[in-house]
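Hello,

Here is the structure I promised to send over. Have a look at it first, and then read on for what turned up in it.

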Amino acid sequence: MRTRKTNKRILICGGGTAGHVYPAIAIIEEIRASYPDVELLYVGTAKGMESKFIPPLGINFRTIKAKGLTAAKGKLKKLAGTARFIFTNFLGFWSGLKVLLDFKPNIILGMGGYVCTPVLLAAMILRKRFMLHEQNYIPGRLNRFFSKYAQQVFISFEETKNYFPSASTVYSGNPVRKIIREYNNGKQDYQKWNLEKGRFTIVAFGGSLGADKLNHIMIDIYRYFKQSQDLQLVLITGNRFYEYFKQKKDEILDSQSKMILNILPYVEEMDQVYRISDLIISRAGANTIAELLITGIPAILIPYPYAVQNHQYFNAQFLADRGKAILIPEKDLSSDLLIDNIRGLIEHNREHYKQWVSRPARIQKMDSHKVIVESLVNS
């Protein structure tokens, strides 16, 4: 790959969940590959997932204090929450000012998450230029506010342009890490995941933090199909739920169990999991949607109903409208409904599933990481 010289300093901020961090990693990969002379700094929080994933990349990483404004019931709790929000971000603002004065970035990229609030406020005070990336179909409050002052706003879904200033909005798609873009290059290693080749493989997960209700329903799915020799299930519970469901597995496995069940807390090697997946059952975070767009694996999506402005529902609807996912709102979710959907796909020698897979996807694939990096470097 040909590399190009530039002496730019780029600051990236964002985090909290993997949905903000993974697209940032895709952008960092592209900068390093095409513009190795760019000086990079990542600003996040000590508790967000960025503190786990960014430092191992060898990127300069600084933490500041930041807090989101969470919904609370009762006037006193709301007042206390607002006070903590203001106080914490006030501290973060001064830290952000110091970081910007020390690093002197040419351009800042906000990837979303509450850590962006103090950094972008500091950028505005210092008249630093910044760009934003919005991962979701329905944008968050933070990006809507800062979009009025951003040099460019990159969006993952073309329809999201209606929420932002038209002159500065660019449809880029949601960047996906190289390891996922090239997921199909490696071999299918069923043994590593204690699975058997030839079985229909269902992989279920509830985002980077896990989803308790989905975990329980997948246990019901296992109970129903447990005498099947054609099915196997990988349930990625999330770290906080793992011990409970690991114990649950020991309780439900018996001599009648033919279906393979593997329960895991969290998986970083999702490229390897995608390689052996026939069906994904998951929440509908922006990162999951972007990775399903790239891999083309059919999915049953159960959007998290309490996401801000129900944005996961609209993320899921995007894939469902294009024939690559079945959308089940959580209010309609039941074990029986999910069992009916799975049975419909696998009965008659998987006839409906094969038709679904062979159906052409009406989806435009983009080199999102390149679109954003070229704008950053040439700004």
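**Thr17 and its surroundings**

Leaving aside neighbours within four places in sequence, Thr17 is in contact with Met49 and Ser208. Please keep in mind as you read that this is a predicted model. Thr17 sits in the loop that runs between strand S1 (9–13) and H1. With a relative accessibility of 31%, Thr17 counts as partly exposed, because that value falls between the 20% and 50% cut-offs. Asn287 is 270 residues away from Thr17 in sequence, yet their C-alpha atoms are 9.9 Å apart in space.

Helix H1 covers residues 18–34.

**A buried threonine**

Thr237 belongs to the loop between strand S9 (231–236) and helix H8 (242–252). Is Thr237 buried or exposed? Its relative accessible area is 0%, so Thr237 is buried. Not counting residues up to four places away in sequence, Thr237 touches Gly210, Ala211, Asn215, Tyr242, Phe245, Ile263, Leu264 and Pro265.

**Two residues with positive phi**

Arg127 is not a glycine, yet has a positive phi of about 55°. You will find Arg127 in the loop between helix H4 (116–125) and strand S5 (130–134). Arg127 is exposed, with a relative accessible area of 77%.

Asn310 also has a positive phi of about 55° without being a glycine. Asn310 is in the loop that links strand S12 (299–301) and helix H11 (311–321). At a relative accessible area of 30%, Asn310 is partly exposed.

**An exposed glutamine**

Gln191 is placed in the loop between helix H6 (178–181) and strand S8 (200–205). Gln191 has a relative accessible area of 68% and is therefore exposed.

**The protein as a whole**

Stepping back, the protein has 13 helices and 13 strands. Its C-alpha trace spans about 65 × 55 × 35 Å along the principal axes. A compact globule of 379 residues would have a radius of gyration near 21 Å, and the 22 Å found for this protein agrees with that.

Buried residues account for 54% of the 379 residues. Among contacts between residues at least 6 apart in sequence, 69% join residues at least 24 apart. The accessible surface comes to about 18,000 Å², and carbon and sulfur atoms hold 51% of that area.

Finally, the charges: the protein carries 52 positive and 33 negative ones, and their mean positions are 8 Å apart.

Happy browsing, and do write back with any questions.

Best wishes

Notes. Residues numbered from 1 in each chain as written. Predicted model: local features only at pLDDT ≥ 70, side-chain atom pairs only at ≥ 80, totals over all residues. Heavy atoms only, no water. Helix = DSSP H or I, 4+ residues; strand = E, 2+ residues; numbered from the N terminus. Rg over C-alpha atoms; globule rule 2.2 N^0.38 Å. Buried < 20%, exposed > 50% of the residue type's maximum accessible area, 1.4 Å probe, protein only. Contact = heavy atoms within 4.5 Å. Areas by Shrake-Rupley, 256 points an atom, 1.4 Å probe, with all protein chains shown as cover. Lys, Arg positive; Asp, Glu negative; His and termini not counted. Charge placed at Lys NZ, Arg CZ, Asp CG, Glu CD. Expected span 1.5 Å × (residues − 1).
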